[in-house]
Amino acid sequence: MVPMASFAQQLQTLRHARRLSLRAFAAQVNYSHTYLWELETGRKQPSPLVAGHLDKALGADGSLSALVPASAPDAPLGGYRRQVEALARTAPAGVMAQLATWLYDTYVRGRPPLMRLGVERYSRRLRDETGLSPFRIEVSRQGRTPTTECRSITHVPAPADVARRLGLPTGTTVIRREIWYAADDEPVQLAHTYIPLDVAGGSVLATAASLGTGALYGRLEELGHHLAHVQEQVTTRLPTTEEAAVLKAPGGVPVLDVLHTSLSSDGRPFEVTRFVIRADVATLDYELAVDD
């Protein structure tokens, strides 16, 4: 058997020959640059499927695939998929998401999950010090590179659960901002932020994809809406077809559905965001004060 270090060396040699940075190559092949670095340093073993994909991307004529034993399973992903397919046939619907997450941990995930810092992410002090959004703060603090993209800004009727959170009649028109989030170029979550028209007005919240220093909460504070309390409802479910495509989630992997409400010191809600988070690459971390 050819040592896997030979694959690592050949992959790095081919990438350098094409003058590609890890990040540029990652964007080309739709893998995270962290995963490619793990392959190039021999920390992870490629499957034949991965090797074939990299061969094609680098025009390597099968030289990478030749360094991966034919007996190497397309596991961990293959084993994971087989187990999920079996679960889909036999497991009660209520336990499917939990079991699928455990199987993904067992077969696929090889690095610590991204922690969503439930309370600290909204710290005004950190926002003032860094000028960053909550997502960029927490991802950067964990040594990873955050990216965000505002995909659309539209006027829509408020969904029933959002309207209840905002204290509005169902169907009231609100501003909706759709944002996609990634860490090390790996999709992590997507979000729809709903802002009442009397809050957003004609501000950049209703018109601009980039919100500048302090992002959403910086602009809300400029409009007189200071975040004092946060309410979040967390559920788990399987993603819709559209969500799975955006998040590039393997089949059977559940999502965390976090319905977040921002409230002022007088208890008035002024913004609601539904976060849909890949449960295989992220987890929640909360530290809450306990009242006497």
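## Loops, sheet, salt bridges and a pocket

Asp-185 is found in the loop between E3 and E4. The model is a predicted one, in which local features need pLDDT of at least 70 and side-chain atom pairs count only at pLDDT 80 or more, while totals for chains, interfaces and linings use all residues. Residues are numbered from 1 along each chain as its sequence is written, and side-chain values use heavy atoms, with hydrogens and water left out. Helices (H or I, at least four residues) and strands (E, at least two) are DSSP runs numbered from the N terminus.

Asp-185 has a phi near 65°, a positive value in a residue other than glycine. Its relative accessible area is 35%, so Asp-185 counts as partly exposed. On this scale, buried means under 20% relative accessible area, exposed means over 50%, and partly exposed lies in between (1.4 Å probe, protein chains only). Ala-215 also is not a glycine and has a positive phi, of about 50°. Ala-215 is placed in helix H11, and with a relative accessible area of 16% this residue is buried.

**The sheet**

Strands of a sheet pair through backbone hydrogen bonds, either parallel or antiparallel. Here 6 strands form an open sheet in the order E2-E3-E4-E7-E6-E5, with antiparallel pairing. E2 and strand E5 (229–237) stand at the edges with a single partner strand each, so one side of each has no neighbour in the sheet. From one strand to the next, the twist averages 15°; the axes are lines fitted to C-alpha atoms, and angles run from 0 to 180 degrees between N-to-C directions. Two strands count as paired if DSSP finds at least two bridges between them.

E7 has pairings with E6 and with E4. Strand E6 (residues 255–263) is joined to E7 by 9 bridges, the two running antiparallel, and E4 pairs with E7 in the antiparallel sense over 6 bridges. Val-276 in E7 stands opposite Asp-257 and also opposite Leu-190. Thr-273 in E7 has His-260 opposite. E7 is mostly covered, 10 of its 10 residues being buried. The hairpin of E6 and E7 has 5 residues between the strands, and in this hairpin Gly-267 takes a positive phi near 85°.

**Salt bridges**

A salt bridge is a side-chain nitrogen of Lys or Arg within 4 Å of a carboxyl oxygen of Asp or Glu. The structure holds 16 of these salt bridges, including the following pairs.

| Pair | N to O distance |
|---|---|
| Arg-144 and Asp-184 | 3.3 Å |
| Arg-144 and Glu-186 | 3.4 Å |
| Arg-274 and Asp-161 | 2.6 Å |

Arg-144 pairs with Asp-184 in a salt bridge. This pair links distant parts of the chain, Arg-144 in the loop between H8 and E2 and Asp-184 in the loop between E3 and E4, 40 residues apart. Arg-144 has 12% relative accessibility and so counts as buried; Asp-184, at 4% relative accessibility, counts as buried too. Arg-144 also forms a salt bridge with Glu-186. Because Arg-144 lies in the loop between H8 and E2 and Glu-186 in strand E4, this pair ties together parts that are 42 residues apart in sequence. Glu-186 is buried, as is Arg-144.

The remaining pair in the table is that of Arg-274 and Asp-161. Arg-274 lies in strand E7 and Asp-161 in helix H9 (residues 160–166), so the pair ties together parts that are 113 residues apart in sequence. Asp-161 is partly exposed, with a relative accessible area of 21%. Salt bridges that share partners join Asp-161, Arg-237, Glu-243, Asp-257 and Arg-274 into one network.

**The second largest pocket**

On a 1 Å grid over the protein atoms alone, a pocket is an open set of points where a 1.4 Å probe fits, with protein on both sides within 12 Å along at least five of seven lines, and lining residues have an atom within 4 Å of a point. Grid points are joined across faces, edges and corners, and a volume is the space filled by probe spheres set on the points.

The second largest pocket holds about 490 Å³ of space. Its lining has 25 residues, of which Ser-133, Thr-148, Tyr-181, Ala-215 and Leu-216 lie nearest the centre. Two or more lining residues come from each of helix H8 (134–141), strand E2 (146–157), strand E3 (173–183), strand E4 (186–196), helix H11 (215–222) and strand E7 (269–278). By class, the lining has 13 nonpolar, 8 polar and 4 charged residues. Here Ala, Val, Leu, Ile, Met, Phe, Trp, Tyr, Cys and Pro count as nonpolar, Asp, Glu, Lys and Arg as charged, and the others, Gly among them, as polar.
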